[in-house]
Amino acid sequence: MNRIEEHMVGIWQITNMPLRGKLSGDNVVIESNNGRQISSIPQALFLALEPKEIVEIIDRDLSKISGEPVSILRTDFSGHRKNPFSSQN
């Protein structure tokens with residue numbers, strides 16, 4: 001499993017929306033299950049961020065598309081640090 005796939009697994013764990021990630025040039029393109037592009041994130045940035053931070057970018061982009069605030073997080077992680085699972089280590 002490559003690093004992009006590992007990050008996508010983390011994203012799938014904390015979201016309630018089916019998403020796909022694919023490499024397109026130097027960007028990771030995030031699409032909805034029906035193929036609609038939601039976000040395009042530079043690969044270096046995508047790999048440097050935690051899944052929760054990537055989901056925040058996706059939420060922001062979805063909010064711009066829909067014109068209203070959107071959150072695809074399964075749970076509110078606002079009280080957690082950067083890595084929501086760090087308390088388990």
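How many bridges join strand β1 to strand β2, and do they run parallel or antiparallel? I looked at a predicted model here. I found 6 bridges between β1 (residues 19–24) and β2 (residues 27–32), and the strands run antiparallel. I checked Leu-19 as well: Ser-32 is its bridge partner in β2.

Next, the turn. β1 and β2 form a hairpin, with 2 residues between them. I noted a positive phi of about 70° at Gly-25 in that turn.

Then I turned to salt bridges. My search of the whole structure gave 4. One of them joins the side chains of Arg-20 and Glu-31, at 3.3 Å from N to O. Arg-20 sits in β1 and Glu-31 in β2, so this pair ties together parts that are 11 residues apart in sequence. Glu-31 also meets the side chain of Lys-22 in a salt bridge, at 3.2 Å from N to O. I therefore logged Arg-20, Lys-22 and Glu-31 as a linked network of salt bridges.

Arg-20 is partly exposed at 38%. Lys-22 is partly exposed too, with a relative accessible area of 41%.

Last entry: helix α3 (residues 51–66). Glu-56 and Lys-52 both lie in this helix, 4 residues apart, about one turn. They form a salt bridge, and the closest N and O atoms are 2.5 Å apart. I looked up accessibility for both. Lys-52 counts as buried at 11%, whereas Glu-56 is partly exposed at 40%.

Methods:
Residues numbered from 1 in each chain as written. Predicted model: local features only at pLDDT ≥ 70, side-chain atom pairs only at ≥ 80, totals over all residues. Heavy atoms only, no water. Pairing = 2+ DSSP bridges. Buried < 20%, exposed > 50% of the residue type's maximum accessible area, 1.4 Å probe, protein only.
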